[in-house]
Amino acid sequence: MKKKHKITVAKGDGIGPEIMDATLKIIEASGAGVEFEEIEVGEKVYLTGNTSGIARESWDVIRRNKVFLKAPITTPQGGGYKSLNVTTRKFLGLYSNVRPCTSLHPFVATKHPKMDLVIVRENEEDLYAGIEHQQTDEVVQCLKVISRPGCEKIIRYAFEYARNYGRKKVTCFTKDNIMKQTDGLFHQVFDEIAKDYPEIENEHWIIDIGAAKMADTPEAFDVIVTLNLYGDVLSDVAAQIAGSVGLAGSANIGEECSMFEAIHGSAPRRAGQNVANPSGLIQGAVMMLSHIGETEAAERIQNAWLKTIEDGIHTYDIYKEGVSKRKVGTMEFADAVISNLGKIPTTLKPVSYKGNTTLNLPKYQRKSPAKKELQGIDLFVHWPGQEADTLAEMLKQVESSGIKLSMITNRGIKVWPEGFKETFCTDHWRCRFKPVKGSEMTKSEIIDLLRATVVKNIDVVKTENLYAFNGKPSYSLGQGQ
Ligand code: NAD
């Protein structure tokens, strides 16, 4: 007999247990080769004083089984509690967040009847690395961290997903006209990897106009791959305009482990009444079955679910007089899906996962290191004055024969030399020092420079080395430089 996949299941909080029971009942009825091991996460665990919301032994279960189906959980109000979703994604290296957003017209109201897109969102990096500092009285900073492995993994995932699910186009969204290093790397890696998939169309949009286009004409897109923050915002917009955030599921995929869920929360006010729509979690479960290779069961459930929606059997959140036929509770909806197993929808497009494989992506291979040359340093200075010329005079006192002040910016805008008096300045100044032409800079010269700032009472709050990689300067210029 074929070995069953063991799935870790967490029933969560609020409506979680109801929608999970409904979903598990459907999975079992579908004949999928899976068995479940339940763990406790969320509110109950938080309230025992465990601020992570999950016990150590539960991590062991998740890591052993590798596949995790999770109902929504309630993060208690008040400080100190860590979001279990974010922790799980980061701990398990779940780098890819996949959200299909397909309209169910005419059965669920939407302005976009032809919408059928998938958002593949980078899940670990970007501003969500959570590296924030206050540096001066007036300025706080959040580091945007983008890595080549992060870009390669998510972009390859998007193309492999497109190939596996018969999708025709992958669109990359970035803001690389502004963030030339971080978003620039994402776009560059997209162009590199797209070459490996000549049968799939590829394109790049600047995120602002791309998002506007998606909200207006979503049928213009097929698979969208983007960075963490943009993907977070965009995927909620996409789910909402497709019909409802209550109908969407999401997959979080890593090299070893994966987690599947509904995109909505625990809706505590609806808990315990058998009214919640289990569709989001059912969609998560379908993605899970497809991911582990149980494609036949995934296809049976998805087609039965589409048929149920099409039959007008709706929970309260999507029930509409004239369109819907019967208002049902959580379990009755699940029973209707079960009775439709083996049937296919007639108006909505049936799915076919035949020929799909489990996505097997190559492990990231580190490239040989580039030639790295130190070309200068930015000193970030906390100084409450207003006149950049005055600061420049102070900084000139720490120059050496080989290292000179070349530029000062304030919030990225060049204010010295030749700044505008109209430019508003905060107390946070980026002061760029460069070696005089022709000479390279050494680390000990940096230490000498910093020592001189201490002697002169200049408050350096952070430094950033300026490097060229393989001869290409890899740091931003000042705006206006
Ligand atoms: P929510 O998504 O739980 O609920 C918003 C509203 O949407 C609810 O009032 C409800 O009317 C409706 N709704 C949501 N899911 C529904 C469903 N399946 N069927 C019918 N109606 C549904 O968002 P919220 O109220 O902001 O958050 C509640 C709790 O959920 C918070 O503690 C939050 O931290 C948590 N949360 C958890 C997750 C997760 O575990 N993945 C995600 C988001 C929010």
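Predicted model: local features only at pLDDT ≥ 70, side-chain atom pairs only at ≥ 80, totals over all residues.
Two packed helices are described by the angle between their axes and the distance between the axes. Helix α1, which spans residues 16-30, packs against helix α10, residues 295-310, at an angle of about 120°, and the two axes are 9 Å apart. Angles from 65 to 115 degrees count as roughly perpendicular and those over 145 as roughly antiparallel, so α1 is oblique to α10. The crossing of these two helices, α1 and α10, is right-handed. On the α1 side, the contact involves Ile26, Ile27, Ala29 and Ser30, and these meet Ala297, Arg300 and Ile301 of α10. Sorted by class, the contact of α1 with α10 holds five nonpolar residues, one polar residue and one charged residue.

Helix α1 also packs against helix α9, which covers residues 279-291; here the axes come within 9 Å and cross at roughly 40°. With this angle, α1 is again described as oblique, now to α9. The crossing of α1 and α9 is right-handed. From α1, the residues in contact are Ile19, Met20, Thr23, Ile26 and Ile27, while α9 supplies Leu281, Ile282, Ala285, Met288 and Leu289. In terms of class, the contact of α1 with α9 has nine nonpolar residues and one polar residue, with no charged residues.

The crossing of α7 with α8 is right-handed. Ile207, Ala211, Met214 and Ala215 of α7 meet Tyr230, Leu234, Val237, Ala238 and Ile241 of α8. The contact of α7 with α8 is made by nine nonpolar residues, with no polar and no charged ones.

Turning to the ligand, 19 residues surround it, and the closest are Ile73, Gly265, Ala267, Asn277 and Tyr316. In Lys70, a side-chain N or O atom is 3.4 Å from an oxygen atom of the ligand.

The backbone has some features worth a look. Most residues other than glycine have a negative phi, and most peptide bonds are trans. The peptide bond from His105 to Pro106, however, is cis, with omega near 0°, and Pro106 sits in the loop between β4 (96-102) and β5 (116-122). A cis peptide bond also runs from Trp416 to Pro417, with omega near -5°; Pro417 belongs to the loop between β17 (413-416) and β18 (428-435). Asp126, although not a glycine, has a positive phi of about 70°, and this residue is found in the loop between β5 and β6 (132-134).

Finally, Glu37 lies in strand β2, residues 34-39. Leaving aside residues up to four places away in sequence, Glu37 touches Lys6, Ile7, Thr8, Val9, Val61, Arg64 and Asn65. The C-alpha atoms of Glu37 and Val118 are separated by 30 Å, and the two residues are 81 residues apart along the chain.

Definitions and conventions:
Residues numbered from 1 in each chain as written. Heavy atoms only, no water. Axes fitted to C-alpha atoms, helices over the stretch in contact; angles between N-to-C directions. Helix = DSSP H or I, 4+ residues; strand = E, 2+ residues; numbered from the N terminus. Parallel < 35°, antiparallel > 145°, perpendicular 65-115°, else oblique. Left-handed = near helix turned anticlockwise from the far one by under 90°. Contact = heavy atoms within 4.5 Å. Nonpolar A, V, L, I, M, F, W, Y, C, P; charged D, E, K, R; others polar. Near = heavy atom within 4 Å. Polar contact = N/O pair within 3.5 Å; in protein donor to acceptor, adjacent residues only side chain to side chain.
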